[in-house]
Amino acid sequence: MGGVIGQWVTSGGIFVVLGLMLINSCGVPFPSEVIMPVAGVLAATGHFNIVAVIAAGIAGNLAGALIAYSLARRFGRPLLLGPGRRIGISASHLDLADRWFSRFGLPTVFFGRMLPVICTYISFPAGLAKVQPVWFGVLSLLGSTVWVTFLGVLGYEVGANYTKVAGPIGKVAIGIAVLVVIAVVGWYVRGRRRAAARSGSGA
């Protein structure tokens with residue numbers, strides 16, 4: 001997935017980063033854990049400005065969160081579990097986000113934007129609960145800023161290390177970063193398969 005996203009970002013530029021992060025935040029499973037580090041690596045190798053990459057990521061993440069929140073607030077679960085299934089939204093995703101939201105309340109809007117998988121779906125329970133829009137927007141912006149900046153800078157440092165360090169230390173650092181990304185994506189895909197299996201067995 002990282003290679004495909006890298007090709008998209010390279011050919012489409014900053015607007016692709018913004019678009020992918022928006023789509024991710026709307027509940028479509030394009031993981032931010034891949035999008036932003038890949039964009040950061042490309043920034044380190046001279047394709048983009050890292051500040052622009054991070055700004056685009058934050059803007060897309062916030063815009064997608066507001067769209068998802070508004071749809072859930074206005075139309076509720078029938079939309080999310082009807083047409084929403086076509087873009088990867090499932091009852092298990094909503095239930096997971098609901099449990100986090102029920103347990104921790106409003107702070108989940110902030111912290112949920114920094115958790116893999118949860119960050120993609122946390123806007124929906126907030127919308128269903130009709131969280132005050134201003135609070136939702138502010139907490140989403142703060143959480144998105146922390147998460148997107150972290151991922152973008154992580155990718156940037158990996159890219160800079162790749163271009164500047166030729167020794168074994170550089171290779172080890174890059175290898176660790178790649179393994180982390182693979183582990184996150186693998187965990188995400190495994191969760192999706194388990195959810196699909198449960199859905200199939202319950203049908």
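The paragraphs below walk through the helices, cores and aromatic pairs of a predicted model.

Residues are numbered from 1 along each chain as its sequence is written, and side-chain values use heavy atoms, with hydrogens and water left out. Since the model is predicted, local features need pLDDT of at least 70 and side-chain atom pairs count only at pLDDT 80 or more, while totals for chains, interfaces and linings use all residues.

A nonpolar core is a set of buried Ala, Val, Leu, Ile, Met, Phe, Trp, Tyr and Cys residues joined through side-chain atoms within 4.5 Å. Here buried means under 20% relative accessible area, exposed means over 50%, and partly exposed lies in between (1.4 Å probe, protein chains only). The largest nonpolar core has 22 residues, of which Val9, Val17, Met21, Met36, Phe48, Val53 and Val148 touch the most other members. Two or more residues each are given to this core by α2 (14-25), α3 (32-44), α4 (50-75) and α10 (133-164). Helices (H or I, at least four residues) and strands (E, at least two) are DSSP runs, numbered from the N terminus. The largest share of the core, 7 residues, comes from α3. A second, separate core holds 11 residues, among them Ile89, Ile118, Ile122 and Phe124.

Contact means heavy atoms within 4.5 Å. Valine 9 is in contact with Val16, Val17, Leu20, Leu42 and Phe48, leaving aside its neighbours within four places in sequence. Asparagine 61 belongs to helix α4 and is buried, with a relative accessible area of 2%. Residues up to four places away not counted, asparagine 61 touches Met21, Leu22, Asn24, Ser25, Arg113, Ser144 and Val148.

Next come the helices themselves. The expected span of a helix is 1.5 Å times one less than its number of residues. For the 12 residues of α2 this should give 16 Å, and the end C-alpha atoms are 17 Å apart, which agrees. The residues Val17, Leu20, Met21, Asn24 and Ser25 of α2 are buried. They cover an arc of only 130° around the axis, which puts them on the same side of α2; the arc is that of the directions from the helix axis to the C-beta atoms. An α-helix has 3.6 residues a turn, so residues three or four places apart point the same way. Glycine 27 follows α2 and has a positive phi, near 105°.

Helix α3 has 13 residues and reaches 18 Å from its first C-alpha to its last, close to the 18 Å expected. Of these 13 residues, 12 are buried, so α3 is largely enclosed by the rest of the structure. The buried residues include Glu33, Met36, Pro37 and Gly40. After α3 comes glycine 46, with a positive phi near 95°.

Helix α6 (residues 91-104) spans 20 Å between its first and last C-alpha atoms, close to the 20 Å expected for its 14 residues. Its buried residues are His93, Leu94, Ala97 and Phe101. Seen down the axis of α6, these fall within an arc of 90°, so they line one face of the helix. The face turned away from the buried side carries the exposed residues Arg99, Ser102 and Arg103. Just after α6, glycine 105 takes a positive phi of about 70°.

Proline 125, in helix α9 (residues 123-128), is buried, with a relative accessible area of 3%. Not counting residues up to four places away in sequence, proline 125 touches Ala97, Asp98 and Phe101. Proline 125 and arginine 99 are 26 residues apart in sequence and 9.1 Å apart in space, C-alpha to C-alpha.

Finally, the aromatic rings and cysteines. Rings of Phe, Tyr and Trp (its six-membered ring) pair if their centres lie within 6.5 Å; planes under 30 degrees apart count as stacked, over 60 as edge-to-face and the rest as tilted. By this rule there are 4 aromatic pairs. Another, tryptophan 147 with phenylalanine 150, is stacked, at 6.1 Å centre to centre and 25° between the planes. Both residues lie in helix α10, 3 residues apart, about one turn of the helix. Tryptophan 147 is buried at 11% relative accessibility, whereas phenylalanine 150 is partly exposed at 48%. A disulfide is a pair of cysteine sulfur atoms within 2.5 Å, and the count by this rule is 0.
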